[in-house]
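Open your viewer and get your selection tool ready.

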Amino acid sequence: MKVIYRDNEVREGSFEEAWVKEAFWHTTAHVLAQAVKRLYPDTKCAIGPAIEQGFYYDFEFLFPFGEEHLKAVEAEMKKIVKESLSLGAYEVSREEAVLYMQERKEDYKLELIERLPVGETISFYRQGEYAEFCAGPHISNTRHIKAFQLLSVAGAYWRGDENNKMLTRIYGISFPKASALEEFLKLREEIKLRDHRKLGKDLGIFMIAKQGPGFPIFLPKGMILKNILLDYWREVHAREGYMEISTPIMLERTLWETSGHWEHYRENMYTTQIDDLDFVVKPMSCPGGMLVYQSQPRSYRELPMRLGELGIVHRHEKSGQLHGLMRVRAFMQDDAHIFMTEEQMIPEIQNVAKLIDEVYSKFGFQYHVELSTRPKHSIGSDEEWEEATNALKNAMDAIGVSYEINEGDGAFYGPKLDFHLKDSIGRTWQCGTIQLDFQLPRRFEAEYTDASGMRRRPIMIHRVLFGSIERFIGILLEHYAGKLPLWLSPVQVKILSLAERFNGYAREVAGELSHMGIRCEMDDRSEKIGFKIREAQLDKVPYMVIVGQKELDAHEVTVRKRDGENLGSMGVEQFVNCLKQELL
RNA sequence: GCCGAUAUAGCACAGUAGGUAGUGCACUUCACUCGUAAUGAAGGGGUCAUCGGUUCGAAUCCGAUUAUCGGCUCCA
């Protein structure tokens, strides 16, 4: 396939290569725009780039464009592909470009041209009657776009700013071969099957009632899973010298004024009144942690003081952004606040980073780190921000952790390291963060007495590992496609009796397994064994044990794994030993 | 919040010229007592999201509201 650059240089490449793919998708976006302009000439075009998977194009339609129009656009695109239009680049002066777009009333293109550096010529690409100002590159001819599909219509703000006009974005995908498109669509279906909202429902993990949008309800099996995660969390934190605390869901408004949340986070906070006093439902646990620190005079001997809290926080998220367990209005944060001296800052940051590494590895997650710097709305002096940012950098550099810089994305009180984990199908999720904070200790006038008897101000770290237990569970469900590893499975073993007369023995086995700490359930219905296996399989239970005459006689169980592998018969104790081995 | 779409039984879905709801699975009962992914039969279950309008009559047409889905923005 030939790719044409803006100087009309031609490079040959295959679709499998990323740079060819990008040109291919970008060209398809142009074909989309061409089709739209043919069908609806008054439409204004904004931008149409290639994205990770396919492309999109933003338009301003003069009528409500909906999904029912996609078919017509696709049909017109098909024609354009059939017309085998070749693409070519040419340069024009800025004036010519402006004139061209003015004639066509392409306001968005004009705005884009205005932002280009003055004095340079501007490149256009033409295919048939359609020309667009564009830096390229593009593939050489529309006929290569053999298979494509428009996937969805969505709103998108012009230039990504919610104060701007909302345009209509059309997403699509294209390939040089029809089979590749089919494969892509199949993969999309598979991703849908591992959607945590579907799995969460099917596996009895959680539900969201209509009466509580954004407020998930944990069902019995989900509660088991959640508690396993919390148990694990408590285990590693006790080991790492954390003390667990619990602070109230609601605290008086004045506290939040002191912390700065009232000023900087108010639109996300729920409030209420008690006896004429304003209260805030906590969106974060830090002020509560601060109260604990402040509850008595502190000595340097107590530092670093690591206060952990599995706190439920409430945040008013806008209705359109709620999403299963991934984006909710009430969630549990595995928070901790570490109060420390300046000297302890770097080692403490490193300890947390190591802990995050340990925990993520436990679930088989890879991750990358981003350093978020000072945002527009923030508190504190430039020097403090610089010192804090450098501390985070130095801590990571010293233990050889690499990171990207995420400019202006820090918390309002300090810079942070964000840990983005990568799930089994390559998507990334921000979960863990380490935030450095000089502000809160000052606002609350936190102090400790140092070795020479001087009053000093501690530095504070805010950190989470899971981020939100809810979101983490959602990620786990999708990561494992519902097939949770043994240690996380709400039901580890399902006991299937072959016929009703073996139910007594099945109960006996269930009792033994429970006594040995295995979570098990029994299926003693009068159904065929094939039916019971099918159901256990659909419930994604890691192990099934089958008991019938043979097992009763030998006082054994026959073990079948979730993947269909038959492990044969063995005594209950031997089976439990196998499980314990796997749990190590 | 914004743009687009959707809302029918626990779940997955039918139900367009407007005439008071169907299928499969699940559930209950009965029969079968079974050896590694679906035994058969019978039965129960829905104020068609909510509110309002048009109409002799609304799941169906119109409006509002709510929730959900795909995105945008935002975010743990």
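Start with the largest cavity, which has a volume of about 30 Å³. On a 1 Å grid over the protein atoms alone, a cavity is a set of points where a 1.4 Å probe fits but cannot get out, and a pocket is an open set with protein on both sides within 12 Å along at least five of seven lines; lining residues have an atom within 4 Å of a point. Grid points are joined across faces, edges and corners, and a volume is the space filled by probe spheres set on the points. Searching the whole structure turns up one cavity of 30 Å³ or more.

Before you click on, a word on the ground rules. This is a predicted model, where local features need pLDDT of at least 70 and side-chain atom pairs count only at pLDDT 80 or more, while totals for chains, interfaces and linings use all residues. Residues are numbered from 1 along each chain as its sequence is written, chains are lettered from A and ligands numbered from 1 in the order in which they are written, and side-chain values use heavy atoms, with hydrogens and water left out.

**Around the cavity**

Select Glu384, Trp385, Ala388, Tyr413, Gly414, Pro415, Leu436, Phe438 and Gln439 to see the lining of the largest cavity. Which helix gives the most to this lining? Helix 12 (residues 382-398) does, with three residues. Helices (H or I, at least four residues) and strands (E, at least two) are DSSP runs, numbered from the N terminus. By class, the cavity lining has six nonpolar, two polar and one charged residue. Here Ala, Val, Leu, Ile, Met, Phe, Trp, Tyr, Cys and Pro count as nonpolar, Asp, Glu, Lys and Arg as charged, and the others, Gly among them, as polar.

**The largest pocket**

Next, pick Tyr265, Met284, Arg315, Glu317 and Lys416. Of the 42 residues lining the largest pocket, these are the closest to its centre, and the pocket's volume is about 1400 Å³. Now colour strand 26 (459-468): it supplies six residues, the largest share of this lining. The lining splits into 14 nonpolar, 16 polar and 12 charged residues.

**The second largest pocket**

Move on to Gln53, Phe184, Arg188, Ile191 and Arg427, which lie nearest the centre of the second largest pocket, out of 19 lining residues. This pocket holds about 660 Å³ of space.

**Along the RNA**

Now show RNA strand B. How many residues are around it? There are 60, and Tyr157, Met166, Arg327, Arg534 and Glu551 come nearest; a residue is near a strand if one of its heavy atoms lies within 4 Å of it. Helix 16 (residues 529-538) gives the most to this surface, with seven residues.

- Tyrosine 171 has one 3.1 Å from a sugar or linking oxygen of RNA strand B.
- Glutamine 321 has one 3.1 Å from a base nitrogen of RNA strand B.
- Glutamate 500 has one 2.7 Å from a base oxygen of RNA strand B.

**Zooming out**

Finally, colour chain A by domain: domain 1 (2-188), domain 2 (199-357 + 433-479) and domain 3 (493-583). Such bounds come from an automatic or database domain assignment. The C-alpha centres of domain 1 and domain 3 are 58 Å apart.

Note on methods: Polar contact = N/O pair within 3.5 Å; in protein donor to acceptor, adjacent residues only side chain to side chain.
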